[in-house]
Amino acid sequence: MTEAIVSEPNLRDLTEEEFVERYGAGRFTCGVLANRGRYVAEHICTDLLHRAFSPIITFSQDFVGAIVGPPEQDYPLAAVNKGNVIFLGSLSTGVRNTVWEYGIERLEPGDLLICNDPFRVGNHVNDMCFIRPVFHAGEIVSFVVIRAHQLDIGGTVPGGFSLMKKNVYENGLVLGPQLIFHRDEPVKELMRTILDNTRFGETLLPDFHTIRSCCALGERLVQDSIERYGIEAYKGAIRYNTDASAASMRAAIASLPDGVYEGEDKVDSDGVDAEQEYRVHVSLTKRGERLEVDLSGSSPQSRTSLNATALDAQTAVALAVKLVLDPFSPFTSGIYRDIDVLVPTGSVIGAGPPAAVMFYFEIQSVLINAILRALEAPLGERAVAGAYGSTNLHTGEGLNPDGTPWFSAAELEAQYGAWGATDAGDGNNHSGLATLNMIMPSVEEIEPRVPAIILHREYLPDTAGAGTHRGGAGLMKQSLFLSDGDHYLVPLHFRSASGSGVYDGGDGRAGGSWFFEDESSDATTPVSEFRIPDPDDFDGSAVVSGVVDPSSGRLDPEGEFAFFGRHPIWSERRGSVLRWITNGGGGWGDPLKRDPEAVKRDVRDEYVSIDGARDDYGVVVSGDPDEDPEGLEVDLEATARCRREKSAERAPGQNVEGGR
Amino acid sequence: MSAPGQEHEHVSVERAAVEGACSECGESQLRRYPVLSEGGWYRVVKCESCLHSESREPDPVGPVVLASVVLV
């Protein structure tokens, strides 16, 4: 079958009669129903948030809720909650694939379908997709969907966050489309399969029941919408909602000059070979209201779990394009209407079976950075600088003194960090990646459960990319472990700066990670006697990753790359300290044009040193930021002279240097 | 067993040439290749000059071949 290709009318140009004829209801009613769809998605997720047991759901909020439209409309993603956006781009295709393969004719009221296969529904095997059909007068008129990260899904490592998994067989349990609840009763055969092949079943099982009841709540709310407004208006509002976001994205694409724009970024390694970086290349071709995004030229799929699927690529493209071109319209599947994504099969951004797909979000991150770099020139002052680049994930496990096991995943790394600056202002210092708007678990939640103390979280001066608007600052984070443990570390973007500056802004400084082992400690050493390294102390550290001076262990752009994969498992004794320094965000605009008073505030707040103010911004600040931070002063005459000299030193067209 | 895929330095989408001219701009630059868009996978014939789609055939699972395909 070949689809008819028809041009669409401008929604704003439709008369009220034409609008009603097209959507089965007026503009006001369609607007109410579109908002009500988002309310339903929010309501079911609030319910899940309050009742789930899994910490990655309750504390990190690694889930999303959505309403997907009926098969006759080709399963459009109509409404989502303000959840983890990493799931959004593949929901429509994932639900379509799952229902189509299971057989829509087999679905009954009260059924809950699942699928977690990355090649069918995107994301990774921990991210279970739960799909409940909504019936009206015997017909499926929508699907209520929850996509939620499960604490464990089997595989070689608790929680699953090991880069060393080499194929789907090591990665975890793959579940094709099947029912986990039938007519609101659990399908015990599948429950047994899951619980017999995964860890933490005491958490997974009640969460499955909670997710079923949340989806049932969503079904009742959708049916209530239909009862109030009628089925034609309900279906029409779904079409309107997707058409509206398609129109918004179409106008945003049209605002970009026609052309071909290329960019790329790299992941440090797949954990096997220190010398093999993995590249994601992007070529964006824009003509009129059409955009084609070709990922040809990317590296082949990796030998480890550093892979993403084509559906993840499509999600990352959507998020990047929305970030820079159309950030305010609701996310629906309509945003793809004028965007074609070409994904080379067998690439690290479009892997195929039996490749292991786990760290897909790292590949998405470099794809987003590649798109930001590609669009820097055509966007001009609307360009967005690069962010910190990697979640640097950590998983730890071991035994407590009483012999009970402990486990921590995605809590003690440096998963959050600096964003790049924009024309609107300085970059945030501590946010999730553009794909991962999760919540960082609190210290108070982690420390009672994990034998660790979070010692430091503080920003480091001169790590942010300099600019008229400064990038976010690099974060130094240290955790002390109170038990021997095995640690799986996945820092993937320390070889080069990820925070690319734009519009003459500077790059953020690349960071690194280190382990400090206290060799004098043993099982009886009091915590107060452990060696706690000062932030500027690198003596005796083992460099996990980063470009460092090998003699001192300090970051040095001219130094050598320390390869984290030289130890697939970092076995560390009680009293060890894990340190992270995240990459700085890129700057926006010429740093010599930054308001000197803003630079002085940065010195006061220790985002910039006095030397950095002079060298990177040409601002001469006097005083003592430690002893008298409010007494700092800008020498305006010396600043003007310094900036004139720095401008004269620049070669024509030269980009400025960034963090020191 | 590791997943295959390390034979090449990089991987690309093949664009097969198609006879004919674009019905929108008239250029003879039609190519056939798979894309992801609204509605999932399609096999498209598009003009490389203006990006007009001459045809778009839905392709439910796209180019990925699942191990369980033997059941179909």
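This is a predicted model: local features need pLDDT of at least 70, side-chain atom pairs count only at pLDDT 80 or more; totals for chains, interfaces and linings use all residues.
The residues around the second largest cavity divide into ten nonpolar, five polar and two charged. In that count, Ala, Val, Leu, Ile, Met, Phe, Trp, Tyr, Cys and Pro are nonpolar, Asp, Glu, Lys and Arg are charged, and the others, Gly among them, are polar. The space in this second largest cavity comes to about 110 Å³. It has 17 lining residues, and D62(A), F161(A), F361(A), L436(A) and M438(A) are the closest to its centre. Two domains take part here: domain 1 (11–247) and domain 2 (384–591) of chain A each give at least three residues to the lining.

Residues are numbered from 1 along each chain as its sequence is written, chains are lettered from A and ligands numbered from 1 in the order in which they are written, and side-chain values use heavy atoms, with hydrogens and water left out.

Now, what do I mean by a cavity? On a 1 Å grid over the protein atoms alone, a cavity is a set of points where a 1.4 Å probe fits but cannot get out; a pocket is an open set with protein on both sides within 12 Å along at least five of seven lines, and lining residues have an atom within 4 Å of a point. Grid points are joined across faces, edges and corners, and the volume is the space filled by probe spheres set on the points.

How many cavities of 30 Å³ or more does the structure hold? There are twelve. The largest cavity has about 150 Å³ of space. Among its 13 lining residues, I368(A), L372(A), A387(A), L433(A) and A434(A) lie nearest the centre. Which helix gives the most to that lining? That is α11 of chain A, residues 360–374, with four residues. Helices here are DSSP runs (H or I, at least four residues), strands are runs of E (at least two), and both are numbered from the N terminus. By class, the lining of the largest cavity has nine nonpolar residues, four polar and no charged.

At least two lining residues come from each of α2 (27–51), β2 (77–80) and α10 (310–325) of chain A. The classes here are 16 nonpolar, eleven polar and five charged. Domain 1 and domain 2 of chain A turn up again, each with at least three residues in this pocket's lining.

About those domains: the assignment for chain A gives domain 1 (11–247), domain 2 (384–591) and domain 3 (592–649), with bounds from an automatic or database domain assignment. The C-alpha centres of domains 2 and 3 of chain A are 28 Å apart. Between them, 15 residues of domain 2 are in contact with twelve residues of domain 3, where contact means heavy atoms within 4.5 Å.

Let's visit some single residues. G218(A) sits in helix α8 (residues 201–229) of chain A. Is G218(A) buried or exposed? Buried, because its relative accessibility is 0%, and buried means under 20% relative accessible area, exposed over 50%, partly exposed in between (1.4 Å probe, protein chains only). Leaving out residues up to four places away in sequence, G218(A) touches V40(A), I44(A) and V144(A). G218(A) and V144(A) are 74 residues apart in sequence, yet 6.1 Å apart from C-alpha to C-alpha.

T285(A) belongs to strand β9 (residues 278–287) of chain A.

Now for some backbone features. Most residues other than glycine have a negative phi, and most peptide bonds are trans. N123(A) is not a glycine, but has a positive phi of about 60°. N123(A) is in the loop between α5 (118–121) and β4 (127–136) of chain A. D462(A), also not a glycine, has a positive phi of about 65°. And P353(A) and P354(A) are joined by a cis peptide bond, with omega about 5°.

Last, confidence. Chain A has a mean pLDDT of 95, and 97% of its residues reach 70 or more; pLDDT is the predictor's confidence in each residue, from 0 to 100. Over residues 655–660 of chain A, though, pLDDT is below 50, and this stretch has 27 contacts in the model beyond near neighbours in sequence.
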